[in-house]
Amino acid sequence: MENFTFCSPTEFIFGRDTQKQTGLALASRGADKVMIVYGSDRIKKSGLLNEIEDSITAAGLRFVEYGGIQPNPTAKNVYDGIAIALEQGVNFILAVGGGSPIDAAKAIALGAVYPGDFWDFFSKKETPRFALPVGVVLTIPAAGSEGSGNSVITNEETHQKISVRYPGLLRPRFAIMNPELTMTLPWEQTAYGVVDMMAHIYERYFSNTTGTQLVDAYSEAILRDVMDQALSVRIDPDNYDARADLMWAGTLAHNGLCGVGKVEDWASHRLEHEISAFYGVAHGAGLAVIIPAWMKFCAERNPDKLWRFAINVLSVNPVGKQTSEIIQEGIITLKEFYHDMGLTTNLKTLIGTEPDIDKMVRSLERNVGKTLGCYVPLSMEDCAEIYRMACED
């Protein structure tokens, strides 16, 4: 196990009706004027936004709304939000929704106290020193952004989808998590979220770091539980306990706990970012096609964790089988799980056309350099091969 520092200062306020505590959570952290950042009007139609605003008003605070954050939030979303924050003089950002509003809120929090272009931080030209505080009311379990210091933004002009990690600045001060708020989600959003939270664990689990038995064991336990509860929710969307498990699992998957003491990989995420940047698909949908292809590519080159994953997570019976057979059966089982979730594992089917692999690889190289990942270090030629493998049935 590697040396590590782990600090997760976010206060998680979990359970039924916890959204009614939003005003108190803000006031206790020095908020005065709050910008509420959200995506679609679904939170208005459901009455959630009114509940939150009533709670804020009751706490003696002021607020301004900023809605319309799109999936895969864009630089324009952030620029517009920064302008509102500066014009209105807000001192706290509250994200309501899933990963997209939260990521946008974090980028706005950086840009609102910086005299230059917020994209400087995403392009690695500058390192931030300050940010406005961020709080969250979570409605979609998926990205884990409610407990992380990460933000992912797409620059629509350059077709770059880039993430930053500033845990000291961007971890939310609090996250309000009511599983009941997820019960009205369209099924595909739940499915995308399940794939995303599992992928956050994969990026840490598939590591060459030794001496991580405990971290591996609880990572495997979370993965097994997510798969079980996802299918339970598909059968019974109002199953509170299953919803609660999924919501908390999404946080545990991405708050850093599953990566302590490890060298992490993140190749699958960066490969997927090019798909969603160019073709506008949901991040979870893109991961469902990339991850099995990445696993297949890595199987011969570094089978170590893949056979363990197949046995301990996907319940492959290893008796009488070669390592390669165990891994292959595991990949097939994972793809079948994605299919049971209603997702495709074929890139061409997902985007509805033949992908421009050369274009994606050129963009990938511009964003990450000539190599990618740690579990199996990938050249750009390797990345092109994985994209091609993702087009196979």
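This is a predicted model: local features need pLDDT of at least 70, side-chain atom pairs count only at pLDDT 80 or more; totals for chains, interfaces and linings use all residues.

Reader: How do you know that the span of helix α14 agrees with its number of residues?

Author: Helices are DSSP runs of H or I with at least four residues, strands are runs of E with at least two, and both are numbered from the N terminus. The expected span is 1.5 Å times one less than the number of residues. For the 18 residues of α14 (323-340) that gives 26 Å, and the end C-alpha atoms are 26 Å apart, so the two agree. Glycine 342, with a positive phi near 85°, follows α14.

Reader: What makes the packing of α13 and α14 oblique?

Author: Their axes are 8 Å apart and meet at an angle of about 55°. Angles under 35 degrees count as roughly parallel, over 145 as roughly antiparallel, 65 to 115 as roughly perpendicular and the rest as oblique; therefore α13 is oblique to α14. In contact terms (heavy atoms within 4.5 Å), Leu306, Trp307, Ala310 and Ile311 of α13 meet Thr323, Ile326, Ile327 and Gly330 of α14.

Reader: Why is serine 148 called buried, and why is aspartate 304 called partly exposed?

Author: Buried means under 20% relative accessible area, exposed over 50%, and partly exposed in between, using a 1.4 Å probe and protein chains only. Serine 148 has 1% relative accessibility, so it counts as buried. Aspartate 304, in helix α13, has 44%, so aspartate 304 counts as partly exposed. Serine 148 sits in the loop between β5 (134-138) and β6 (150-155). Leaving out residues up to four places away in sequence, serine 148 touches Lys106, Leu170, Arg171, Pro172 and His254.

Reader: What makes a set of residues a nonpolar core?

Author: The members are buried Ala, Val, Leu, Ile, Met, Phe, Trp, Tyr and Cys residues, joined through side-chain atoms within 4.5 Å. In the largest such core, of 70 residues, Tyr202, Leu271, Trp294, Met295 and Leu378 touch the most other members. Helix α12 gives this core its largest share, 11 residues. Another core, of 37 residues, lies apart from it, with Ala75, Ala112, Phe121 and Tyr166 among them.

Methods
Residues are numbered from 1 along each chain as its sequence is written. Side-chain values use heavy atoms; hydrogens and water are left out. Axes are lines fitted to C-alpha atoms, for helices over the stretch in contact, and angles run from 0 to 180 degrees between N-to-C directions.
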